[in-house]
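Please look through the structure shown here, keeping the ligand in view as you read.

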Amino acid sequence: MAKMLIAGKWVDSYDGATIDAVNPATSEVLDTFPRGGREDARAAIDAAYDARGKAEAMTAYERSTILLKASQILEQRSTEMARIISQNVGKPITDAEAETTRGCLTLAFAAEEAKRIYGQTIPLDSSPFPPGNKDRFGFTIREPIGVVGAISPFNFPLNLLLHKVAPALAAGNTVVIKPPSDGPLPGIMAAKILEEAGLPPGIVNLVTGPGSTVGEEIVTNPKVDAISFTGDTSTGRMISEKAAATNKKLILELGGHDPMIILDDADLTRAAKLATTGVFSYSGQVCTATKRIIVSEAIKDKFASAFVQEVQKLKVGNPLERTTNMGPVINAAGLSKVQELVEDATSNGAVVLLGGQRLDSEAYSKGFFYSPTVLSNVRESMKITQQEIFGPVAPILEVGDAEEAVEVANNTVYGLQASIFTSNLARGIKLARKIRAGAVLINDRTNMRWDNAPFGGVKRSGLGREGVSLAVTEFTELKFIVANLTE
Ligand code: NAP
């Protein structure tokens, strides 16, 4: 049975309750993990609070060495980690391997950034208090915030957790991790690796259990100074409201409805291939998955036919098989949501070009599989263009020109990433500047992220930026120190 890490000890929940960790492809129970509650969360927060002095006393070089060691241990255990990710969240094994490699990089980047937390000297004007006194010397330092609550989602159960924990540790904070209940095992293994890398007890703690109790305790407890959250926009809003009472610093990475614009001068073969990975990677359960394909009317039919041909090549099946491109969605609720959005679209005039139903034959019957689906004739009034899909569905909307494409792209409450396909780079850059999103990719898919580059959304897609060096800055407070040099 998996356990929680509190104050350097691996423990069960306060009342011994457990939850099954299930494989969404097979419904097999992989393990059980503690159903922690508020008492457990409080114990972890107390441990993190008490360990602040220990974390602050470590030099930047000591923190860096531990993070680098953790990266090396993860690399040595990458086969095991990838398998756990694949089984616990139904991710194709090759994608799980890529996530593990990125996890190693995230830790290694954080190890480097730990040594680059710089301050500045500030030229001071002559202060009026007392008048004319110029003999002062001012400089800034960056200090850890204190206790960071790291609440992460199921879809990248290792790397999104490390994007919080590694920069928070690099900056000298202590951390309480709350991994997702659908997919906690990779996060538990990551905490073990950090411990093994030499992190003193109490600096990293991990509590499993429901978001509504464990998560909420972390968000409301006055001993927690900052929350780094990745998840649904509605959960993020609730967290913002509750964290406001204790004025916690918030970094929110939330939902998206990323558009891919394909203009009449685009390379359609390339667009069709990249739209396929953009929409269907990890069954569309990626915050930056392409969730709307916006195509110029003039090339709509040609694109749709090339795209359907590409999508038909996808092999849906057991995520542990190396030839599988797409596995299940995470759970029954995720599957129902996809079914509901597709039904709403088709009953309002969308046309199914491919798929459009649950896969329930023998090979799929024990998992939450939905067929790769392409819908045309989609209108902006349909729920599928406004609510986050999080499933293997590609809605195609047609537009008259590039200006209209940008208008449609911007017409959601989200603003995470977007992409534009055009053979004219200047046109692409001009349009990119008109799109309200945290990142715009030209002639590429939307679901790309580089671990050391800025990452985050605008509008209801988020607040603040990840990307290791930016996250390290987010996890520090700037202190201004002035010395009066008058003798
Ligand atoms: P979620 O349901 O919001 O859950 C995320 C985390 O929040 C889980 O650990 C969850 O715990 C916890 N939680 C739930 N209710 C809470 C509460 N009241 N207080 C504190 N914590 C609470 O999201 P998800 O379904 O796991 O992930 C999918 C969503 O994440 C999508 O919307 C996706 O777009 C978004 N996402 C965004 C990014 C980004 O970087 N912008 C990246 C990946 C995913 P339980 O699991 O126990 O419920």
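This is a predicted model: local features need pLDDT of at least 70, side-chain atom pairs count only at pLDDT 80 or more; totals for chains, interfaces and linings use all residues.

Residues are numbered from 1 along each chain as its sequence is written, and side-chain values use heavy atoms, with hydrogens and water left out.

Domain 1 (4–254 + 460–482) and domain 2 (259–450) both contribute residues to the shell around the ligand, so the ligand lies between them; these bounds come from an automatic or database domain assignment. Among the 30 residues around the ligand, those that come nearest are Ser-152, Ser-181, Thr-235, Leu-254 and Glu-388, where a residue counts as near if one of its heavy atoms lies within 4 Å.

A side-chain N or O atom of Thr-235 is 2.7 Å from a ligand oxygen, a backbone N or O atom of Asp-232 lies 2.9 Å from one, and a backbone N or O atom of Gly-231 lies 3.4 Å from one. Taken alone the ligand exposes 910 Å², of which the protein buries 87%, with accessible areas coming from the Shrake-Rupley method with a 1.4 Å probe, where for residues only the protein chains shown count as cover.

Key
A polar contact is a pair of N or O atoms within 3.5 Å; within protein, one must be able to donate a hydrogen and the other to accept it, and residues adjacent in sequence count only if both atoms are side-chain atoms.
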